[in-house]
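Visitor: Could you walk me through the ligand site and the pockets here? Please put the structure up before we start.

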Amino acid sequence: MEEKRYLTFALTKGRLAGKTLALLEKIGITCEEMKDKDSRRLIFVNEEQRLRFFLAKGPDVPTYVEYGAADIGVVGKDELLEEGRRVHEVLDLGFGNCRMCVCGPESAKELLRHHERIRVASKYPVIAKDYFYNKKHQTVDIIKLNGSVELGPIVGLSDVIVDIVETGSTLRENGLAVLEEICPLSARMIVNRVSMQMETERIRSILLQLRQQLA
Ligand code: PRP
């Protein structure tokens, strides 16, 4: 009999990876090799279950899945919105809950209210642009940053930021606040469009078990 092809998972490095592995373990999907924290390996295999796993940066996960380099991905909704890749979003995994918000000093509230032409710093220029231009009909200047975005209003680079708020402690410790909420976020499972058809049974079975586990 022909051996089953590997089903490949692209997981997001960092905060989401541990939670994803813990959830998959509950439905019997395991990868012992991946638990070795000191390992520098990038790809892990479960021969018995014919599964492969790799860790990637959040924004790259939808790219791997769109091109079929991974059949299944786990990634934050923020990256899905920002990257706009053509993938099936199949499941809200219920962890990694946070909010995409417009944040800044309280004084920036007036600028927002009067639809002033403000500067907005963000790691998420697509989400920021969509929010201000399409939802608020406000012309703004968007400045792309790659991290520690809270610095923007503090050092005078921007009036506000568009960023993820989880506990709110980064904002509090830097004298900033949530000014407007854009949307809630959480970890999502995504599937390659061709894999969904070619591997329907295996993928459906995983989704069914995950749904039961999450219910
Ligand atoms: C994220 C986000 C905020 C912070 C929010 O940053 O960009 O800075 O977490 O979390 P909190 O509300 O619980 O304080 P991350 O730690 O990923 O680093 P980065 O800013 O360098 O991207």
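Visitor: Which residues come nearest to the ligand?
Guide: Of the 13 residues around the ligand, the nearest are Arg-15, Lys-123, Glu-150, Thr-167 and Thr-170, where being near takes a heavy atom within 4 Å. This is a predicted model, in which local features need pLDDT of at least 70 and side-chain atom pairs pLDDT 80 or more, while totals for chains, interfaces and linings use all residues. Residues are numbered from 1 along each chain as its sequence is written, and side-chain values use heavy atoms, with hydrogens and water left out.

Visitor: And what does Thr-167 do with a polar side-chain atom?
Guide: That atom of Thr-167 lies 2.5 Å from an oxygen atom of the ligand, and an N or O atom in the side chain of Glu-150 is 2.6 Å from a ligand oxygen atom.

Visitor: Which pocket does the ligand sit in?
Guide: The ligand sits in the largest pocket, meaning that more than half of its atoms lie within 2 Å of the pocket's grid points. A pocket is an open set of points on a 1 Å grid over the protein atoms alone, where a 1.4 Å probe fits, with protein on both sides within 12 Å along at least five of seven lines; lining residues have an atom within 4 Å of a point.

Visitor: How many residues line the largest pocket?
Guide: The lining has 38 residues, with Arg-15, Asp-78, Lys-123, Tyr-124 and Ile-164 nearest the centre of the pocket.

Methods. Polar contact = N/O pair within 3.5 Å; in protein donor to acceptor, adjacent residues only side chain to side chain.
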